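I opened my notebook and asked what this structure would show me. My entries follow, in the order I made them.

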Amino acid sequence: MVGSTRQVTVCGGAIFCVAVFSLYLMLDRVQHDPASSSCDVHPHFPPRGLFPPNRIEQLEQLLEENHQIISHIKDSVLELTDTGAVSPSGQLPFRSANGSWVLPFDGRPTFLSVKPQDCQFAQGRRGQTDLQMLDVYSLLKFDNVDGGVWKQGFEITYEPGEWDREPLQVFVVPHSHNDPGWIKTFDKYYTDQTQHIFNNMLVKLTEDPRRKFIWSEISYFAKWWESADMHKQEAMRKLILGGQLEMVTGGWVMSDEANVHYFAMIDQLIEGHQWLEKNVGVTPRSGWAVDPFGHSATMPYLLKRANLTSMLIQRVHYSIKKHFASSRSLEFMWRQAWDQKSGTDIFCHMMPFYSYDVPHTCGPDPKICCQFDFKRLPGGRVNCPWKVPPRAVVEANVAERAHLLLDQYRKKSKLFRSKVVLVPLGDDFRYDKALEWDQQYLNYQRLFDYMNSHPEMHVQAQFGTLTEYFTAVYKANNVPQGARPPDYPVLSGDFFAYADREDHYWSGYYTSRPFYKSMDRVLESHLRGAEILFSLAVAHARHTGMEGRYPTSDYTLLTDARRTVALFQHHDAITGTAKENVVIDYGNRLLHSLQGLKRVIINAAHFLVMKNKDVYRFYQTEPFLETDDRRATQDSLPQRTLIELDQSGPRYLVLFNPVEQDRLCVVTVLVNSARVRVLTEDGQTLPVQLSAQWSSASQMSAEVFQVCVVAGLICGALSGYLMGITAHAVDPLPLRSQTADPQPFYTSTQSLTLGFSGTTGLLEVRGGELKVQIQFVTYGTRSSKDKSGAYLFLPDGKAKPYSQKEPPVVRVVEGPLFSEVVAFYQHFQQTIRIHNVPGVDGLSLDVTTMVDIREQSNKELAMRLVTDIQNDDTFYTDLNGFQMQPRRRFLKLPLQANFYPIASQAYIQDSQHRLTLHSAQALGATSLESGQLEVILDRRLMQDDNRGLGQGLKDNKKTANRFRLLLESRSTGNKVVDSGPTSFPSLLSHLTSAILNHEVIALPVLPKKRGIPPLHTFAPFTGALPCDFHVINLRSIQHQDTHSPSPYTALILHRKGLDCGLETPNPGFNCTTTEGQLGLSSLFRNLDLQLLQPVSLSLMYSSPPMANDSSVSLEPMEISAFRLKLR
């Protein structure tokens, strides 16, 4: 990098300082002194030179401006005298002879006890599957040969007598694909189209009992139901219970499968299923996913756990479809790669052709199939692009039409193993006009009547539902519902990345609109926290006979937030592939629900932390606590709440730890005074580090300060702290200056030492055993007609290094609790912070990259990790935060085909090390060379990519992408690297992901004229859960008649799979595993467990209740749900 940088170092020199505050300010942003070398910002090195005279004035002016602030910071740094601790005798941190910080909790006696049996799962042998998707990828050429009428396939032939002994059964399944937001908002689509589909359905299905229809999006169905009168509701219920209308999947939306987290996948499924159970009394049997852009292996597992028996998928790479069609493997049992038996198997049907529209569903020739889409009859608004229009079926042409269509049905059936064929009949927002119902149903009925009355055609054709099709397949194979038919293949793996034609890979949407992908996860974490606290508060209110005084009306806020989160999992919402005004509508919904959830959390916390419940009073207009942060608008970043301290008395702070493990962590709050002390509820002074609140790269606030405190928090608990002002005035900080230098600089804690480049300010660890370097690169898009857009990633070649004319500003802060380095660039700023605490919080790097590419044009910004790890062409990405999926980089595929979605993490490894990038938001990631791992942070694209959106991506926001970077060593006896279809994170990695995704929520107690009543720590559990268990949710179940909670709660648990072959440092709390056993009766402190009943994942199927004192048992990777009655 040309030019040089200079810095000022401000250090504390007192022998017993609590915090050293190091500040580096760049002075030559404009002029450069070519004679000087680049930056070295290690504060302990002697000065290497002096500023030239013209710099002295600037320096003096700068210091004068910041003098007052530095003096304030120093005041609090020396707050020690209050406690009498002035040296190694004391409670608080002090600097040892070698310059490192010594903290009071060093060597806390914590233990880690993982049973050997809990380690065996990761090493166990897997059952062999016929189709492993990694092997299929290795095998395929991915050529794109012209297949004739079926462009991406091959010519299909058959012998005329093939159906003589067993006639062909045809199920034509009418459907309408309704996106809950895409080109129009959810409400606009409903008003303009969807409500008319339901209203016409009532009339038209009733006209003829042979007519069938399927529906999947419960969000729309619920909206229609709520506005329909009782007669319409009853008529609709009759159609469903009578089997003419089938609810397929039954989720709130047809969920995306790449960017979604499994918490939300489950929650939107529960929301839809609970709605159906309450209002209609029906349980979905079959899954229908025709539009998500690629398919995850997590979905079949969740559908299986919800007791569905069969499922259908559509958007799969055209080469894979062709390969599966040629071997008649389009129907298979989909099994989890980690399943050692066959308990996770679910029957899956993959649609063979290009799309789910009518031209691509009756058979291989779209020119013929289009003639049987009777909405396209001449005179209508839609026509056939193949230039042969449909003709109405009449006596004169029915024979010719029926034979033409039957030929397509027969060809399609040749791709499958049974003589039953599925023919979907629909498209986006179809059947919104009564005319279309008549056109489709009357013409098809004439064709069916003709076929069925001519035995020489050997066909039985009818309208059917999806489950009727699957039932016929099982029957033809002589097996029970959901069982594996003889000789049908077993498959494991997933279907990313998706390409629909040529090299058009849909790997762009993994990152599109990252601001909302991030906001979604914040909302999910809040929803989970609010669900748990609300369920506990209501149970404790019942236990103490205070049900009437608790605001159970907050349940409507919970329901609203569940539905918002559920809506946003739609495959055009979280994907970032909707029109700009639709994105704003989603954003407003997300913000509204986030505000509602903060209210639920505050109200529950208020009740639970009251020591004496008799004095508890709830006032809607007078909240007891403040929120931890606020967002001004749906597209702005959160601002932390300022805690105003004054001499009138202490302020109280309640910290909520939403994780089911204890945690020792650094918590940051903002205060208005530099003279701050923090006490636990029993009066112990806590170590704090005071830092400036920066308004820009080199401006700090004179009124606002960051206070970092180390808190030991109990699992799931609400803990109370006091904050007050101390009275001290101290001399300002002594200053020394230091010239820039090309040498790296270093910062360290007990656990980690980090090196940073002196020229870029970015991470560059070279010492010791391994190099880890962070680089930023950009991708452009092609100059040809097909360019990247919201869906597609079509780069113009390899990435180029990110460069800017000016050298970056680099700021360094060092202290006892954390050290951080911030590098400011034109389009991003990166903060790397390390926490000086033992355990999980101190073992990984906290990385925040603030991205703003609004000035860019057709650019995608990526963060790349470059290391010495010899992973060759193998890397690992997670699926939905639930499981890891091994990947291979294939040189036979274009660059964009080697990108995969990550919801929560990706890693590379060799026999010595594993480097994991944990992510707090969904993004696209890859490893393009051995030793590299990269993630795309944001994309700004100026054009549409011809997939129907009609817009580019130009509404970028300033976005904070949050990560944790974890480097682990393989323990000596475990140099074997995973090979094969499975891999698992370590225990430390699981815990790191939990603290990144579920931050501590800091709630200040509002000052009260009457004073604050006595508060106490609320600890919900009698002890921490086994540390391979995760509480996915503790969800209050709806009341059958009202909008209030029933006495029942759903507990959803996940037991994680562990790789024990990595060295496990002290996690900072006691951590044990129990071979999957958990005693629920004694789990909840001060509550009685009155019912313990295993249920299916979406709570629709119940097993007999267990004895209340039973332990529940989960296998590794298992997700299980239980209905509890707590009071």
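**Entry: one histidine**

I started with His175, which counts as buried because its relative accessibility is 1%. Buried means under 20% relative accessible area, exposed over 50%, and partly exposed in between (1.4 Å probe, protein chains only). I noted that the model is predicted: local features need pLDDT of at least 70, side-chain atom pairs count only at pLDDT 80 or more, and totals for chains, interfaces and linings use all residues. Residues are numbered from 1 along each chain as its sequence is written, and side-chain values use heavy atoms, with hydrogens and water left out.

Where does His175 lie? I found His175 in strand β6, residues 168–177. Helices (H or I, at least four residues) and strands (E, at least two) are DSSP runs, numbered from the N terminus.

Next I looked up the neighbours of His175. Contact means heavy atoms within 4.5 Å. I left aside the neighbours within four places in sequence; the contacts of His175 then include Phe213, Ile214, Trp288 and Tyr356. Pro424, Leu425, Gly426, Asp427, Arg430 and Tyr431 are also in contact with His175. The side chain of His175 reaches the backbone nitrogen of Gly426 at 3.4 Å. That is a polar contact, a pair of N or O atoms within 3.5 Å; within protein, one must be able to donate a hydrogen and the other to accept it, and residues adjacent in sequence count only if both atoms are side-chain atoms.

**Entry: the whole chain**

I then stepped back to the protein chain. Of the 1127 residues, 65% are buried. I also checked contacts between residues at least 6 apart in sequence: 77% of them join residues at least 24 apart. The chain exposes about 39700 Å², and carbon and sulfur atoms supply 51% of that area. Accessible areas come from the Shrake-Rupley method with a 1.4 Å probe; for residues, only the protein chains shown count as cover.

**Entry: a sheet of four strands**

In what order do the strands stand? The 4 strands form an open sheet in the order β45-β46-β51-β49, with antiparallel pairing. β45 (1029–1038) and β49 (1089–1095) stand at the edges with a single partner strand each, so one side of each has no neighbour in the sheet. From one strand to the next, the twist averages 25 degrees. Two strands pair if DSSP finds at least two bridges between them. Strands of a sheet pair through backbone hydrogen bonds, either parallel or antiparallel.

I zoomed in on one pair. β49 and β51 (residues 1119–1126) pair in the antiparallel sense over 6 bridges. Leu1091 has Lys1125 in β51 as its bridge partner.

Which helices did I find on the sheet? Helix α7 (residues 262–279) lies across β45, β46 (1045–1055) and β51, and runs at about 25 degrees to β45. Helix α14 (residues 514–543) packs on the sheet too, touching β45, β46 and β51, and its direction makes about 60 degrees with that of β45. For these angles, axes are lines fitted to C-alpha atoms, for helices over the stretch in contact, and angles run from 0 to 180 degrees between N-to-C directions.

**Entry: the disulfides**

A disulfide is a covalent bond between the sulfur atoms of two cysteines. The rule here is a pair of cysteine sulfur atoms within 2.5 Å. How many disulfides does this rule give? I got 4 disulfides.

Cys119 is joined to Cys1060, S to S 2.1 Å. The torsion about their S-S bond is about -90 degrees, so this disulfide is left-handed. The pair links distant parts of the chain, 941 residues apart: Cys119 is in helix α2 (residues 117–123), and Cys1060 is in the loop between β46 and β47 (1071–1072). Cys119 is buried at 13% relative accessibility. Cys1060 is partly exposed at 25%.

Cys362 and Cys369 form a disulfide with sulfur atoms 2.0 Å apart. Its torsion is about -85 degrees, so the disulfide of Cys362 and Cys369 is left-handed. Cys362 is buried at 2%, and Cys369 is buried at 0%.

Cys1027 and Cys1071 form a disulfide with sulfur atoms 1.8 Å apart. Here the torsion is about 75 degrees, so the disulfide is right-handed. Cys1027 lies in the loop between β44 (1001–1004) and β45, and Cys1071 in strand β47, so the pair ties together parts 44 residues apart in sequence.
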